[in-house]
Amino acid sequence: EELQVKALEIESERMNMEREINAELNSKLLKLQFAIRQNAILTNVRDKYFFNSFDALLSEFMSSGTGLDKYFSNINMTLMNLMDSYDSYYQSLLSLAEIEFLTGYYAEEIK
């Protein structure tokens, strides 16, 4: 009877541990998905808005002689966007490493 109680206790502990790992894994997967989406959005904004506006702002400066502060502001905003993009990329790699640690598999093996 003691052996049966001990076996049930061990099984219960294993199930609790499995639930904890699954909950943590789901959390890391959500974090990874968020970082990937954020990186895609930031890249899209940078490619469509900031990089395309450099030429327009520079030609405005060349033609009118004013507006160089807009050009520097655009460079500043682009660099901040780039830093945010690198940060979200870093977060996605960190989440992927945590997922690999939890599952014991490399990302290429997880499907």
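A salt bridge is a side-chain nitrogen of Lys or Arg within 4 Å of a carboxyl oxygen of Asp or Glu. Side chains of opposite charge can pair when their charged atoms come close. This is a predicted model, in which local features need pLDDT of at least 70, side-chain atom pairs count only at pLDDT 80 or more, and totals for chains, interfaces and linings use all residues. Residues are numbered from 1 along each chain as its sequence is written, and side-chain values use heavy atoms, with hydrogens and water left out.

**View 1. Lysine 28 and glutamate 98 form a salt bridge.** The N to O distance is 3.3 Å. Lysine 28 sits in helix α1 and glutamate 98 in helix α2 (residues 68-103), so the pair ties together parts 70 residues apart in sequence. Helices here are DSSP runs (H or I, at least four residues), and strands are runs of E (at least two), numbered from the N terminus. Lysine 28 is buried, at 15% relative accessible area. Glutamate 98 is partly exposed, at 23%. Buried means under 20% relative accessible area, exposed over 50%, and partly exposed in between (1.4 Å probe, protein chains only).

**View 2. Arginine 14 pairs with glutamate 11.** Their closest N and O atoms are 2.7 Å apart. Both residues belong to helix α1 (residues 2-64). They are three residues apart, about one turn of the helix. Arginine 14 is partly exposed, with a relative accessible area of 41%. Glutamate 11 is partly exposed too, at 33%.

**View 3. Arginine 14 also meets glutamate 18 in a salt bridge.** Here the N to O distance is 2.8 Å. The two residues are four apart in helix α1, so about one helical turn separates them. Glutamate 18 is partly exposed, with a relative accessible area of 41%. What joins Glu11, Arg14 and Glu18 into one network? Salt bridges that share partners do.

**View 4. The whole protein has two helices and zero strands.** Its radius of gyration is 25 Å, well over the 13 Å that the globule rule gives for 111 residues, so the protein is more spread out than a compact globule. That radius is taken over C-alpha atoms, and the rule is 2.2 Å times the number of residues to the power 0.38. The C-alpha trace spans about 90 × 25 × 15 Å along its principal axes. Buried residues make up 19% of the 111 residues. The salt-bridge count comes to four. Of the contacts (heavy atoms within 4.5 Å) with a separation of 6 or more, 72% link residues 24 or more positions apart.
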